[in-house]
Amino acid sequence: MTSILFIIILLYLLSSAGYIIFLFAQKEIYHQWSYRIMMAGFAVHTVLIGYEFFRIGYFPAQNLHQTLLFAGWSLAGVFLLLKYRYRLNILGVYAAPLTTAIMIAAFCVPAVVVTPTPLFKSLWLILHIVIIFIAEASMALACGTGILYLIQEHAIKTKTNRFFLKRLPSLEFLDRTGYAFIVTGFTMLTIGLITGFVYAQLVWGKFWSWDNKEIWSVITWLIYAALLHGRLVAGWRGRRAAIMAIIGFAALLFTFFGVNFLLEGHHDEFTKW
Amino acid sequence: MMNSQNGNEDPSGTPKTGPVMSDIVLIGVNHKTAPVELREKLALSDEEADNAMKSLQKMPYVNEAMIISTCNRVEVIMVTKNQTLAVKALSSFISKTKNIPPKELQTSIYILSGTRSITHVFRVASSLDSMMIGEPQILGQVKEAFKTAVTKKNTGLILNRLMHKAFSVAKRVRSETGIGGHAVSISYAAVELAKKIFDSLDGKTVLLVGAGEMAELAVEHLIRNTASGNLLVANRTFSVGVELANRYNGNAIRLEEIPEKLKTVDIIISSTGSPDYVITRNHVKPAMRSRKNRPLFFIDIAVPRDIDPAINRISNAYVYDIDDLQGVINENIETRNAESIKAERIVEESVIKFTEWYESLDVIPTIIDLREKLHLLMNMELSKTLQTLPHLSENDQVAFQRMSESLIKKILHDPTLFLKNPGSHRNRSVYLDFTRKLFNLDK
């Protein structure tokens, strides 16, 4: 187990190093190999999670260790997919190290044994978790794209930093790609919340119980809804959209971890350590 | 042998006597040695180039020749047995057909031979000798010139090899150095920047404010990148604007229409002689709202400036003035110079390799190589044979040796004579190359 996790981290680490070299050296070959290495890491990662699933018999997201493991998996998977679709190679400089960091965190957090309850076996719950994690990964990438946008915009505006100007793609492209990530993430977030409500209805007999997690989820959802609405109606593009993507992701992170650590509510086991 | 003693002012090479090998000689003028007036006069039309080729073909001491004629250079590359005569004949041919006094020609012309001519050809093809180092057109022009010479059957073994090497050097320089990748003119810099703001320039609308020559220069390159885009020209004198717009399939507008047009255009190039700002923050602010914050790129090449620099502080609006663009250009020139050191090294390497091959075409080394090869074979076979005949006395062995030696001499006698003088109208290099291939001397 530990050694497999170690291999995964090593592969992601290699991929990150490759992307950082790519940032400086700008040779196609570097990002191509980084992408392949990350794919290899992702393959091993998938095997690990699949193995866990079969070993314990329910979806492995019951403690912080497993949650981080799955968060890293979603981020890597969504990045591999979206990068293939949108060809934003340089985003690897953000995605690969972030994935590596999540995996190292997972490595450091001890795996607390949780006694499974039948509640965890519901298909709705599995759907809920998978979809929400994909949404979160997309939003993480949207945030990364937003950061790249702000860096590039700063370089163009101040006319001083030629390093990034040369290496990052055009503002329009970053803006459009970030938007695509948010649309993907928002769709998934919406479906994920619906599956969550359905699950709550099945388990507790009510859709909504004014739980902190629920409230914050809806707040996050509203932030992204506002962002999309602003873009379509008032033309919130470029800088403002980039900043909103970063704020949205911060809110999302708080909903994901902050609520569990600072406030109380259901979803507790999810970050147990 | 290789001959590189020639300088700019000394067209008279040492007269060559006896069977010396022919030399690669390059005669020409370029943007560094001749003013544009002279280059204009010298530039050859296709027909004139054709005639020049023909007269070169008639010269008995010129074996191969080609002519490169672009707006920045006119160069003739020849393989000749008699450099002095060839240069003289060519110079007089030029001054006659182009009506330029030989004196005037003398001061701007350069004559290179040997390694220097090879280096020059490689540098030209790699765009290291261009006015704008790294510009991509020159390679195509050289290729075209070579193709013409080939179809006219004016090239042979040496020029073919030289030019093919030149093309591969140019390719290496392009792929291994960053020499072609940096914008070094205002319009290139503007396009480079525009491409960092807009994903693609295709379909973008360009607004030209002021219809001066400077603006036209800047817009030309930009227009080439905005394939299906649109051009608007706003000028104080409307008719001048209309004329310029027509030339690029655009439309002319009045200066008063600019604030309204800011809602739809994407790139603005301004170059009026106005002492005040033509476009201010107050024009742009409301336009941004109705264009839903789609980016707006201002290129201000006017001095004094036309575009209020405060516009740069508005979100999604970007202003570059002439100094900012100059900054981009300067930095690119620096990178380019650094890269050209790498490029020169590649050229140098290739010149050495080519020279090795070229020198091998000389008579003496070829005959020596041939003799050495035969000696090697003989010694091998002799020692093998002598081993099987241990009963032979020392004297017998020496006799064997002597016989083999004289056999080699006899065998080499006729080929040596032929290679030293294959006949006055024959190109010796071809026979030398053939000999080297036949006996596999370059292994």
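A crossing of two helices is left-handed if the near helix is turned anticlockwise from the far one by less than a right angle, and right-handed if clockwise. Helices (H or I, at least four residues) and strands (E, at least two) are DSSP runs, numbered from the N terminus. This is a predicted model, in which local features need pLDDT of at least 70 and side-chain atom pairs count only at pLDDT 80 or more, while totals for chains, interfaces and linings use all residues. Residues are numbered from 1 along each chain as its sequence is written, and chains are lettered from A and ligands numbered from 1 in the order in which they are written.

**Helix packing in chain A**

- Helix α4 (residues 92–108) of chain A passes α5(A) in a right-handed crossing.
- The two pack at about 135°, with axes 9 Å apart; axes are lines fitted to C-alpha atoms, for helices over the stretch in contact, and angles run from 0 to 180 degrees between N-to-C directions.
- This angle makes α4(A) oblique to α5(A) (under 35 degrees counts as roughly parallel, over 145 as roughly antiparallel, 65 to 115 as roughly perpendicular and the rest as oblique).
- Y94(A), A95(A) and L98(A) of α4(A) meet A140(A), L141(A), G144(A) and I147(A) of α5(A); residues are in contact if their C-beta atoms, placed from the backbone, lie within 7 Å.
- The residues of this contact divide into 6 nonpolar, 1 polar and no charged (Ala, Val, Leu, Ile, Met, Phe, Trp, Tyr, Cys and Pro count as nonpolar, Asp, Glu, Lys and Arg as charged, and the others, Gly among them, as polar).
- The axes of α7 (residues 171–204) and α9 (residues 238–262) of chain A come within 10 Å and cross at roughly 40°, and are therefore oblique to each other.
- The crossing of α7(A) and α9(A) is left-handed.

**The sheet of chain B**

- An open sheet of 4 strands has the order β2-β3-β1-β4 in chain B, with antiparallel pairing; two strands pair if DSSP finds at least two bridges between them.
- At the edges are β2 (62–70) and β4 (110–113) of chain B, each pairing on one side only.
- Strand β1 (residues 23–30) of chain B pairs with β4(B) over 4 bridges, and I27(B) has I111(B) as its bridge partner in β4(B).
- Helix α3 (residues 83–98) of chain B lies across β1, β2, β3 (73–80) and β4 of that chain, at about 30° to β1(B).

**Where the chains meet**

- 16 residues of chain A are in contact with 16 residues of chain B.
- On the side of chain A that touches chain B, α7(A) gives the most, with 4 residues.
- By class, that side of chain A has 5 nonpolar, 3 polar and 8 charged residues.

Technical notes. Two residues are in contact if their C-beta atoms, placed from the backbone, lie within 7 Å.
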